[in-house]
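Here's a quick briefing to read alongside the model. Take a look at the structure first, then work through the points below.

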Amino acid sequence: MKKSIFFLFALVLTSCLPLQADNDQVITFDRLPATAQTMLNQNFADKVPLVITADWDDYKVMYANGEKVEFDKRGNWRDIECKASQVPTDLIPAQITANVNATFPGSSITEIDRDHSGYSVQLSNGLELEYNRRFQVIEVDD
């Protein structure tokens with residue numbers, strides 16, 4: 001009997017997880033963390049957000065031209081996608097900019113993603129570069 005109750009509880013719990021995972025709410029710009037607002041005002045001031053969403057652990061700001069910026073819950077950027085343009089230079093670590101300019105002249109960074117292990121950048125020439133936390137290239141993918 002106890003096994004049946006435990007199994008039923010586990011089944012109900014796992015069936016509710018997908019409902020909780022997609023819990024995005026549309027919010028206004030002023031509900032973003034101050035850090036995110038400052039970053040957007042400094043680097044995307046000429047653009048008006050199309051939609052801003054908040055989830056339990058992140059914020060997403062999307063623009064009409066397809067650009068997207070994702071922030072963690074404290075307002076630090078995690079992912080910047082600028083498929084039709086390029087990521088603002090101020091947001092890219094200088095070591096990555098120098099490496100891309102030296103190794104792939106004429107290419108621009110159209111996407112940058114950072115996490116605990118380092119950075120991932122997508123170039124306008126289609127290559128994806130992975131950097132560790134010491135800004136060393138650890139992988140190149142086409």
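**A glycine in a turn**

Gly-66 takes a positive phi near 95 degrees in the hairpin of S3 and S4, a hairpin with 4 residues between its strands. Keep in mind that this is a predicted model, where local features need pLDDT of at least 70, side-chain atom pairs count only at pLDDT 80 or more, and totals for chains, interfaces and linings use all residues. Residues are numbered from 1 along each chain as its sequence is written, and side-chain values use heavy atoms, with hydrogens and water left out.

**The whole chain**

- The protein chain has 3 helices and 9 strands; these are DSSP runs numbered from the N terminus, with helices (H or I) of at least four residues and strands (E) of at least two.
- Of the 142 residues in the protein chain, 37% are buried; buried means under 20% relative accessible area, exposed means over 50%, and partly exposed is in between (1.4 Å probe, protein chains only).
- Take the contacts (heavy atoms within 4.5 Å) between residues at least 6 apart in sequence: 35% of them join residues at least 24 apart.
- The chain exposes about 9,200 Å², and carbon and sulfur atoms supply 55% of that; accessible areas come from the Shrake-Rupley method with a 1.4 Å probe, and for residues only the protein chains shown count as cover.

**How the strands line up**

- Strands S3 (residues 58–63) and S4 run antiparallel and are joined by 5 bridges; two strands pair if DSSP finds at least two bridges between them.
- Across from Glu-70 in S4 you'll find Lys-60.
- S4 also pairs with S5, again in the antiparallel sense, over 4 bridges.
- The hairpin of S4 and S5 has 4 residues between the strands, and there Gly-75 takes a positive phi near 95 degrees.
- Because 4 of the 5 residues of strand S4 (residues 68–72) are buried, S4 is largely enclosed by the rest of the structure.
- Next, S5 and S6 run antiparallel, with 3 bridges joining them.
- S6 and S7 pair in the antiparallel sense over 6 bridges, and their hairpin connects them through 2 residues.
- Arg-114 has Tyr-119 in S7 as its bridge partner.

- Glu-81 sits in strand S5 (residues 77–81), where it is the bridge partner of Lys-68.
- Is Glu-81 buried or exposed? Glu-81 counts as buried, because its relative accessibility is 18%.
- Leaving aside neighbours within four places in sequence, Glu-81 is in contact with Gly-66, Glu-67, Lys-68, Thr-110 and Glu-111.
- With a relative accessibility of 8%, Asp-79 counts as buried.
- Asp-79 and Val-69 are 10 residues apart in sequence, and their C-alpha atoms are 5.7 Å apart in space.
- Beyond its neighbours within four places in sequence, Asp-79 has contacts including Lys-68, Glu-70 and Ile-112.

- In helix H3 (residues 94–103), the buried residues are Ile-96, Thr-97 and Val-100.
- They cover an arc of only 100 degrees around the axis, so they are on the same side of H3; the arc is that of the directions from the helix axis to the C-beta atoms.
- What covers these buried residues? The cover includes strands S6 (109–115), S7 (118–123) and S8 (128–132).
- On the face turned away from the buried side, H3 carries the exposed residues Ala-94 and Ala-102.
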